[in-house]
Amino acid sequence: MKLIDLIIFFRRGGAFEDFCRDQLFDTESEAIEIYAQEPVNLESQLGFFPIEETGSRIEFQSGGILYHNFFDFFYFLDAIEDIRRSEGLTDVEIAQKLFSYAINDA
C-alpha cells in the first residue's frame with residue numbers, strides 16, 4: 001500500500017477499526033506507526049508497525065527491508081479529519097502535503 005492508497009481508503013470513509021482488523025494489528029498497542037520503504041518517495045510502499053516494536057526509531061528494519069518513519073496513525077487520522085472539513089484538495093495534493101511533512105517536519 002502506498003500513501004495515496006491509504007489516503008483514498010480513509011477519505012472514502014474507511015474506518016480505523018476495519019483497517020486494523022484487515023492488517024491484523026494488535027488493538028492493545030499504544031500506537032501504530034507508519035513507515036515508508038527505502039528509498040523514500042511518494043511511490044514507496046508503506047509498513048505499519050506497533051510502537052512497541054519500532055521504539056519510534058527514524059529508521060527501522062523488518063523482514064530485511066529498511067523503513068523510514070513517516071508519522072503515527074493518530075497524526076494521520078487527525079490530518080485526514082481536518083482535510084475532510086476543508087474542500088478542494090485532491091488525494092494527490094494531500095499525499096504531497098503529508099509526504100512533505102513526513103520528510104521535512106517530523
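**Reading exposure, pairs and core in a predicted model**

Student: Why does Lys-2 count as partly exposed?

Tutor: In this predicted model, Lys-2 has a relative accessibility of 23%, and because buried means under 20% and exposed means over 50%, a value in between is called partly exposed.

Student: What makes the contact between Lys-2 and Glu-43 a salt bridge?

Tutor: The side chains of Lys-2 and Glu-43 meet at 2.8 Å, N to O, and since the rule asks for a Lys or Arg side-chain nitrogen within 4 Å of an Asp or Glu carboxyl oxygen, the pair qualifies. Lys-2 belongs to the segment before α1, whereas Glu-43 sits in the loop between β1 and β2, so this pair ties together parts that are 41 residues apart in sequence.

Student: How many salt bridges does that rule give?

Tutor: The count comes to four.

Student: What makes Arg-12 and Asp-91 another such pair, and which parts of the chain do they tie together?

Tutor: The closest N and O atoms of Arg-12 and Asp-91 are 2.8 Å apart, which is within the 4 Å limit, so the pair is called a salt bridge. Arg-12 lies in the loop between α1 and α2 and Asp-91 in helix α5, and the pair therefore ties together parts 79 residues apart in sequence.

Student: Are Arg-12 and Asp-91 buried or exposed?

Tutor: Arg-12 has a relative accessible area of 57%, and because exposed means over 50%, that residue is called exposed. Asp-91, at 12% relative accessibility, counts as buried, because the value is under 20%.

Student: How do you know that the buried residues of helix α1 lie on the same side?

Tutor: The residues in question are Leu-3, Leu-6, Ile-7 and Phe-10. They cover an arc of only 100 degrees around the axis, which puts them on the same side of α1. Among the elements that cover them are β1, β4 and α5.

Student: Which residues have the most contacts inside the largest nonpolar core?

Tutor: The core has 24 residues, and those with the most contacts inside it include Leu-3, Leu-6, Ile-34 and Phe-48. At least two residues of this core come from each of α1, α2, β1, β2, β4, α4 and α5. Leaving aside neighbours within four places in sequence, Leu-3 is in contact with residues including Leu-42, Phe-70, Phe-76 and Leu-98.

Student: What is remarked on in the phi of Leu-24 and of Ser-56?

Tutor: Leu-24 has a phi near 60 degrees, a positive value in a residue other than glycine, and Ser-56, likewise not a glycine, has a positive phi of about 60 degrees. Leu-24 lies in the loop between α2 and β1 and is exposed, with a relative accessible area of 74%. Ser-56 is placed in the loop between α3 and β3; its relative accessible area of 36% makes it partly exposed, because that value falls between 20% and 50%.

Key
Residues are numbered from 1 along each chain as its sequence is written. This is a predicted model: local features need pLDDT of at least 70, side-chain atom pairs count only at pLDDT 80 or more; totals for chains, interfaces and linings use all residues. Side-chain values use heavy atoms; hydrogens and water are left out. Buried means under 20% relative accessible area, exposed over 50%, partly exposed in between (1.4 Å probe, protein chains only). Helices (H or I, at least four residues) and strands (E, at least two) are DSSP runs, numbered from the N terminus. The arc is that of the directions from the helix axis to the C-beta atoms. Contact means heavy atoms within 4.5 Å. A nonpolar core is a set of buried Ala, Val, Leu, Ile, Met, Phe, Trp, Tyr and Cys residues joined through side-chain atoms within 4.5 Å.
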